[in-house]
Structure formats: structure tokens, C-alpha cells
Amino acid sequence: MAKLVSMTGNQAVAECMRQINPDVVAAYPITPSTEIMQIFSEFVADGAVDTELVTVESEHSAMSACIGAAAAGGRVMTATSACGLALMWEMLPIASVMRLPIVMTVVNRALSAPINIHCDHSDSMGCRDSGWIQIYSENAQEVYHNVIQAIKISQREGVWLPIMVCVDGFIISHSIESIELLEDEKVKDFIGEFKPRLPLLDLDHPVTYGPLDLQDYYMEHKKQFDDALRNSKETVIEVAKEFKKEFGYDYGLIDKYKLDDAEVAIVVLNSAAGTGKHVVNKLREKGVKAGLLRIRLYRPFPYEEIRDALKNVKAVAVMDRAVSYGAQGPLFPEITAALYDSPSRPKLKNIIYGLGGRDISIEEIEDIFCSLDDVVRTGKVGNVYQWIGVREDNKR
Amino acid sequence: MTLKNKEELALGGAIEEAGNAEGYETGGWRTYRPIWDFNKCTHCLTCWISCPDSCIIVENEKVKGADMRFCKGCGVCANECPTKINAITMVEEVTFHK
């Protein structure tokens, strides 16, 4: 029987890795993902898993070791955060375009400077163009489910892509929640046996990974890769369906909360959806037609699904927990692009919130909904790009 | 050489066939090509040992010329050919395409 336990998000990921029992894990601990490796290394030491744990001297080496191990033919996992992910940056497109199914939990944290260990999405957003599938998780239960699904998606025929499963640092990684752990055997059955593709260790069939690729083939390889990443959306849906059939939990590319008849809505990633849904419930009691859209799959980006989900909404606030400095939040232009050719496209606002772990309060989200009401009433958006929760003299 | 479409390529740019560099032409950007005067050539094989691309053809210990699929026209062979012999001349590639 599946059992209900109290654990932190990091513990849940480590438990998940124990159940998956990967062939190789190479990692360098960095806050707030450290605890994942700390707990997992105990499993290795205790013989609970037969994983080869490679302790490296930096995250660049961690990802390099993961790439080598995945090319050799292993099922490979790792975890990181923030500056650690940034140090892996050079290796990320190598893993993805070489089609190596590595699963990495990214515990979202702010990037320096100034130094900050708390949650925002500047790390995973910073590497959004590295070709990895990116899945975002609302809570500890979901990150646990997402990692299990990621293993299956990454190694599906036609996919063969690395996946980062993102979860909010400290807010989820270090808070204790009640979560339901699935049975070891069922997880094992669900993920299935790993049959590597073109393993370097198959000495009877020599293969070269990562050769020089000049003007005559580079674009073909990149287009082949882009097609595969786009098509992987279907596999994410398929695996979610298989997961629902096996375990009863229902996941999609996006999470629509009371959106069907909503007039005003917010779009969020990760844990802010919890607070957001609470506010939606409160407003619904007052008769406000509020809704929430949480993006679960960020890469490949589900343009059609988002366009469809927001087609009847009149005003939308896209909440970004990261900034593309000098431009807007990274989520905002993509939502705008998704809605641009929608005949009934809603008015849009971009709200930057929660950088470096700053709390987003119920009252602030209520204020955002209030400002959306104003937009609907007056038909005027005002300042499209706004930061909330910042002390400043001249409020824009 | 016919170039393959993206659908025909192995995933991720992997090469599944060992030693296939031999089938990959790299001589396309040559602007000069070496021409041997076999009346002068003593088959000392200095050009063969100096060629950075191993493209000089030798059969039965005799130089036969260079494989134009790989010759990049660098001129190392002509330069290394012993001064007294001077059997190799670098000729502008364009003269072969008139």
C-alpha cells in the first residue's frame, strides 16, 4: 500500500531516487538541493541502492560525468540549484542535443549577485534555451510524481532527452508536507527496465558521440533535435495518462484552476499556485470570477493549450519569479506570443514577484486580481510591467 | 557525396559507423593543388611523410599523386620536396575548372 508520510520536498526527491535506483548519480551539493544528495548518499552507503555515486569537484564536472555515464548506457540522475546549475550551463546543451536521458531535479534558487540562497526561478529560466525538457512542480507530492514520470519520458523512443524537474527552493525543498509515497515495486514497474540507445560500452558496436559538425550538417542535426523536443510534448501527455491509470493522480501540461468561466486570471509556475488557488477560492466566494493557470510543462512550451485555456478570460496577470533584465519576466513574452493571434485575446500584465525568496502574500495576490478588475472595467492596462512587494518612493 | 536529410541522420549527431571519416570529403576549399613532375620525382616519400592529411597516394613504394578528396592545397608537400629535386609545383585550382 502507498503510505502517507511527512517529509520535505528534498526528502521526497531522495526517496524517489531510491525507488528509481539509477545506475549513476554524479552531483556536487549546493543549497537548497544539498539535502537530496545528502540523503541519497546515505542510501548508497547503506546499500539501499546499487548506484555508482560519483562525487565530483564542481557542477561542471557533475554534469560532465552524467553525460559520460549516460552515453556509456546508464540511467543517470543528479540534482542542483542556482549557481550550480549556472556552472553546468556549458554542458547542458551537450546533454540535450546528444539526446542523453538524464533526469535532474532543479531546486529553484536565486542567482548571485547579491548572494541569496532562497527561491526564485532565475536559475532554471536562465538555461531555458539549453534544450532540456522543463517540468515545474507545485508541491512536494508533485515533484515526487514528476521525477518518476520524467524517468519514463526521458527514455521513451523518439524522445531521448534530458529533463529538469523544477521545484521551489526552501518553500518546498525544506518545508515538511504530508505526501503519499508509492510502493517501491510499483514505481519500479512503472519506470520499467532501462534499455540504452547506442551505449559506448557496447564494444561490438562502436559509436562516436559529439563529433565535429560543420556547415553541411549542423542545421540538420539542430532541426532534428528541435523537432524531437517539440514532439516530446505528446509523450509528456502520454506518460501523465499512464501515471493516472496506475496511481490515480491527474497531470497535464497545464493546470487549469476555475478557469472555465473566469474573467480575470493569474498565470504562475511552481509553489505560488497554492497561494493563488486559495485567493481564487476566496474571491469566488465574493462572486469574483477569478481563475488560475499553472504552467507545468515550460519546455517544450504548450502554446496551443495555453491559448485555449485563456481564450475566454478578459484580463490576465502573468506572474514571473525571474526577470529577463532589461526586458520582462521570461514567462510573459511567451504567454503574449501564445495569445497574440487569439481572436479574443485578453489584456495582459506582467508582475514580477518573490525574487530571492520574498514572500508573496494572499493580500498581494488579491491586489493583483483587483487591478485586473480595473483593467476589465476601464479597458486600460496602465503599466504592463510591474514589480510587487518592492519598497520604492515612486510607485509605477 | 550526397548529403543526408535530417531524418536519415543518427540521433544527436552520433556516428554509428566506425572509420567513416574516409568517406567525408575535406578537399573542397583547396585553392592550389600539387602537381608532380614524375621525371624529377625520386620517390623519396618526403612528401608522403610530411602531408598533414595523409592524402598522398603511394603504391608499391612509388608516389602516384595526391587524393583530391582530401588535399587542402596547403603546399607542405611542395615545400618539403628536396630543393635539388623540386618535383612538386602548386598550381592554382581554378586552372583545372576552365
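Tutor: The lining of the second largest cavity has seven nonpolar residues, no polar ones and two charged ones. In this classification Ala, Val, Leu, Ile, Met, Phe, Trp, Tyr, Cys and Pro are nonpolar, Asp, Glu, Lys and Arg are charged, and the others, Gly among them, are polar. This is a predicted model, in which local features need pLDDT of at least 70 and side-chain atom pairs count only at pLDDT 80 or more, while totals for chains, interfaces and linings use all residues. Residues are numbered from 1 along each chain as its sequence is written, chains are lettered from A and ligands numbered from 1 in the order written, and side-chain values use heavy atoms, without hydrogens and water.

The lining residues are Ala70(A), Arg99(A), Leu100(A), Pro101(A), Trp160(A), Phe194(A), Pro196(A), Arg197(A) and Tyr209(A). A cavity is a set of points, on a 1 Å grid over the protein atoms alone, where a 1.4 Å probe fits but cannot get out, and lining residues have an atom within 4 Å of a point. This cavity holds about 50 Å³; a volume is the space filled by probe spheres set on the points, which are joined across faces, edges and corners.

The whole structure has two cavities of 30 Å³ or more.

Between the chains, the contact (heavy atoms within 4.5 Å) takes 17 residues from chain A and 14 residues from chain B. Buried area, meaning accessible area (1.4 Å probe) lost by two parts on being put together and summed over both, is about 1,500 Å² here, with 60% from carbon and sulfur atoms. On the chain A side, Asp216(A), Tyr217(A) and Gln224(A) lose the most, together 33% of what that side buries.

One salt bridge is counted between chain A and chain B, the term being a side-chain nitrogen of Lys or Arg within 4 Å of a carboxyl oxygen of Asp or Glu. It joins Lys6(B) to Asp227(A) at 3.0 Å, N to O. Helix α9 (residues 218-247) of chain A gives the most to the side of chain A that touches chain B, with five residues; helices are DSSP runs (H or I, at least four residues), numbered from the N terminus. That side of chain A has eight nonpolar, three polar and six charged residues.

Key
Helix = DSSP H or I, 4+ residues; strand = E, 2+ residues; numbered from the N terminus. 1 Å grid on protein atoms, 1.4 Å probe; cavity = no way out; pocket = protein on both sides within 12 Å on 5 of 7 lines; lining within 4 Å.
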